[in-house]
Amino acid sequence: MFWWRKEVKKDAPTILITGGLGFIFSHVTEYYVKKGWNVVVVDNLSEGSNPQIIDGSFKHINAHMAQLEVVERIIREEPDYIIHAAAITDVDYSIREPRRTFEKNIRGEIHAFEAARNLSKLKKIMYVSTDEIYGECEHPMREDEMLAPRSPYASSKAAGSLMRTAYENTYPTLSGRMAEIRPCNIFGPRQDSAKILARIKKSLHTGEPVPLHNDGLGYREFLYVKNMPSAVDLVLEKGDGIYNIGVGHGSTVAELIRKVESITGKKISTTPSHRSGMDLKYQTDTSRIHALGWTPAYSFEEGLREYFTLPE
Ligand SMILES: NC(=O)c1ccc[n+]([C@@H]2O[C@H](COP(=O)([O-])OP(=O)(O)OC[C@H]3O[C@@H](n4cnc5c(N)ncnc54)[C@H](O)[C@@H]3O)[C@@H](O)[C@H]2O)c1
């Protein structure tokens, strides 16, 4: 089924966002609609999607990125920009279903890059990767350091990062027109409740215990979702190459829970859980995105306070 935008603005760029109904990129979709651009979203309404944002202000194409036909569908839209964000994003699901995760994510990446390769007027394609592709880290990882993904999810995303390099290096039409971002853990409104901060928020309302993987010792960096559209926009406009996205604020999940308890004044119940092969620490060097001129509007504290005071 299609939802058609009312009119195409001839003097405004067209941006096509795969996964544009998901947690992070629904905010990016709305950002570009507000900016006055023509927005086309390719999203198959699967896990993590927010169909409630479909309001006629952008065009929605309900298509699966893993199916070959999608390449033609994207080319027909003649976008000036593409953001490829659609993916299976649940690490635990990827551990239960590695074949499905690899097949869907990797095919989706190939199809996004193939569409870009066949769009001679494309200004830029952005591939959305993740800090998890660096694997377990001893120090904040720079963008030019080795990838060592260790979960099916992270490997499926790293495959896209490697393919992006191959496409950009091999096809002159794509040279200088491919960007990549590697965000840390993002939290905020519309996040699927399988993810840690959304789970904590849900638990505050339901009392349902939060499964604490590997004693809550996993160290992650966290960024409020409302900081993402400006980072994405800056990289699309001025970026060159790969950018880690984060503010360098990290904590263990156990510390995070204590922080939320102190903000909300409520006790959060937890239950022990085990994630096979879990990386204990992800951290990235974010100096490149800051040097490009990105200033996040929300600090970690401000984001956390806003998120935990918003209604469900
Ligand atoms: N959430 C995070 O903390 C985080 C951190 C770093 C990177 N990322 C990356 O950012 C992107 C978005 O993450 P998110 O957490 O917002 O995801 P999400 O799970 O909330 O949303 C994913 C969206 O993509 C759609 N989708 C999934 N597979 C599809 C397919 N094959 N064809 C068409 N649509 C499909 C879903 O319907 C959904 O709307 C992903 O690429 C993810 O790897 C996320």
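# Loops, helices and a ligand shell

Student: How many C-beta neighbours does leucine 45 have inside 10 Å, and how does leucine 45 count?

Tutor: Leucine 45 has 14 C-beta neighbours inside 10 Å, so it counts as partly exposed. The cut-offs: 20 or more other C-beta atoms within 10 Å is buried, 12 or fewer is exposed, in between is partly exposed, with C-beta placed from the backbone.

Student: What kind of model is this?

Tutor: It is a predicted model: local features need pLDDT of at least 70, side-chain atom pairs count only at pLDDT 80 or more, and totals for chains, interfaces and linings use all residues. Residues are numbered from 1 along each chain as its sequence is written.

Student: Where is leucine 45?

Tutor: Leucine 45 is in the loop between strand E3 (38-42) and strand E4 (59-61). Helices (H or I, at least four residues) and strands (E, at least two) are DSSP runs, numbered from the N terminus.

Student: What is the phi of leucine 45?

Tutor: Near 60°. That is a positive value, and leucine 45 is not a glycine.

Student: Which residue has a positive phi of about 45°?

Tutor: Asparagine 214, again not a glycine. Asparagine 214 sits in the loop between strand E9 (210-213) and strand E10 (219-224). It is partly exposed, because it has 16 other C-beta atoms within 10 Å.

Student: Back to the E3-E4 loop. What about serine 46?

Tutor: Serine 46 lies in that loop between E3 and E4. It has 13 other C-beta atoms within 10 Å, so it is partly exposed.

Student: What is 5.7 Å from cysteine 137, C-alpha to C-alpha?

Tutor: Tyrosine 282, which is 145 residues away along the chain. Cysteine 137 is in the loop between strand E6 (124-128) and H5. It has 17 C-beta neighbours inside 10 Å and so counts as partly exposed.

Student: Glycine 176: buried or exposed?

Tutor: Exposed, with 10 C-beta neighbours inside 10 Å. The loop between helix H5 (152-170) and strand E7 (178-183) holds glycine 176. Its C-alpha is 28 Å from that of glutamate 103, and the two are 73 residues apart in sequence.

Student: New topic, the ligand. Which residues come nearest?

Tutor: Gly19, Gly22, Phe23, Gly48 and Ser49, out of 32 residues around the ligand. A residue is near a molecule if its C-beta atom, placed from the backbone, lies within 6 Å of it.

Student: Which elements supply at least two residues of that shell?

Tutor: Helix H1 (23-34), helix H4 (98-117) and strand E8 (185-187) each do. H1 gives the most, with 3 residues.

Student: Now helix packing. At what angle do H1 and H7 cross?

Tutor: Roughly 65°, and their axes come within 9 Å. Axes are lines fitted to C-alpha atoms, for helices over the stretch in contact, and angles run from 0 to 180 degrees between N-to-C directions. H1 and H7 are therefore roughly perpendicular to each other. The classes: under 35 degrees is roughly parallel, over 145 roughly antiparallel, 65 to 115 roughly perpendicular, the rest oblique.

Student: And H2 with H4?

Tutor: Helix H2 (residues 69-77) packs on H4 at about 40°, with the axes 9 Å apart. That makes H2 oblique to H4.

Student: What about H8 and H10?

Tutor: Helix H8 (residues 253-264) and helix H10 (residues 300-309) pack at about 60°, with axes 10 Å apart. They are therefore oblique to each other.

Student: Which residues of H7 are buried?

Tutor: In H7 (residues 228-238) they are Met228, Pro229, Ala231, Val232, Val235 and Leu236. Down the axis of H7 they fall within an arc of 165°, so they line one face of the helix. The arc is that of the directions from the helix axis to the C-beta atoms.

Student: What is exposed on the other side of H7?

Tutor: Glu237 and Lys238.
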